[in-house]
Each structure stands twice: as structure tokens, then as C-alpha cells.
Amino acid sequence: MPRGVPVATVAINNSTNAALLAIRMLGISDTDLVSRMSQYQEDMREENMVKGEKLERQGWESYLNQ
């Protein structure tokens, strides 16, 4: 790709990061997308904090049995 063209490379069945990149680009002209993206990021933060707390309490082995 020529310089200046955003490119997102993703794995098969794992397009979340590419979608998030696209939303950020589209969000330049769409405030609704920006607010929804912010909410998504906050939800993911809370989910990851819960997982981190569980990891600290139970250890990494607890994730092997999920």
C-alpha cells in the first residue's frame, strides 16, 4: 500500500481490531460512533479488570478449565 493508506491486518475469524480501527476513522465525522466506541472501551476495561482480579485470586491455572 502507498504511504498514507490505513491498513489493518487481521487473523481469520478475528476482525475485532480491524473493526475498531475502522470505527475510529469513521468517528472523525460521526459523534455517535465516537460515543459508542467510548462505551465499548469502558465495557472492555471493566471486563478485563474482573478477569485480572480473578487471575490474581485463583492464578492462571483457573483459565485452563474454561
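Student: Why is Arg36 called exposed?

Tutor: This is a predicted model, and the values are computed from it. Arg36 has 55% relative accessibility. Exposed means over 50%, so Arg36 counts as exposed.

Student: What makes the contact of Arg36 and Asp32 a salt bridge?

Tutor: The cut-off is a side-chain nitrogen of Lys or Arg within 4 Å of a carboxyl oxygen of Asp or Glu. Between the side chains of Arg36 and Asp32 the distance is 3.6 Å, N to O, so the pair is a salt bridge. Side chains of opposite charge can pair when their charged atoms come close.

Student: Where do Arg36 and Asp32 lie relative to one another in helix α2?

Tutor: They are 4 residues apart in helix α2, which means a separation of about one helical turn.

Student: Why is Asp32 called partly exposed?

Tutor: Asp32 has 40% relative accessibility. Buried needs under 20% and exposed needs over 50%; 40% lies in between, so Asp32 is partly exposed.

Student: How many salt bridges does the structure hold?

Tutor: There are 2. One of them joins Glu47 and Lys51, with the closest N and O atoms 3.3 Å apart. That value is within 4 Å, so the label applies. Glu47 and Lys51 are also 4 residues apart in helix α2, or about one helical turn.

Student: What makes Glu47 and Lys51 partly exposed?

Tutor: Glu47 has 37% relative accessibility, and Lys51 has 39%. Both values fall between 20% and 50%, so each residue counts as partly exposed.

Student: Why is Met37 called buried?

Tutor: Met37, in helix α2, has a relative accessible area of 8%. Buried means under 20%, so Met37 is buried. Leaving aside residues up to four places away in sequence, Met37 touches Leu20, Ile23 and Arg24. The C-alpha atoms of Met37 and Ile23 are separated by 7.4 Å, and the two residues are 14 apart along the chain.

Student: Which residues of α1 and α2 meet?

Tutor: From α1 there are Thr16, Leu20, Ile23, Arg24 and Leu26; from α2 there are Leu33, Met37, Tyr40 and Gln41. This contact divides into 6 nonpolar, 2 polar and 1 charged.

Student: At what angle do the axes of α1 and α2 cross?

Tutor: The axes of helix α1 (residues 16-26) and helix α2 (residues 31-58) cross at roughly 145 degrees and come within 9 Å. The crossing is left-handed.

Student: What does the protein contain as a whole?

Tutor: It has 2 helices and 0 strands. Of its 66 residues, 9% count as buried. The protein exposes about 5900 Å², with 54% of that supplied by carbon and sulfur atoms.

Definitions and conventions:
Residues are numbered from 1 along each chain as its sequence is written. This is a predicted model: local features need pLDDT of at least 70, side-chain atom pairs count only at pLDDT 80 or more; totals for chains, interfaces and linings use all residues. Side-chain values use heavy atoms; hydrogens and water are left out. Axes are lines fitted to C-alpha atoms, for helices over the stretch in contact, and angles run from 0 to 180 degrees between N-to-C directions. A crossing is left-handed if the near helix is turned anticlockwise from the far one by less than a right angle, and right-handed if clockwise. Contact means heavy atoms within 4.5 Å. Ala, Val, Leu, Ile, Met, Phe, Trp, Tyr, Cys and Pro count as nonpolar, Asp, Glu, Lys and Arg as charged, and the others, Gly among them, as polar. Buried means under 20% relative accessible area, exposed over 50%, partly exposed in between (1.4 Å probe, protein chains only). Accessible areas come from the Shrake-Rupley method with a 1.4 Å probe; for residues, only the protein chains shown count as cover.
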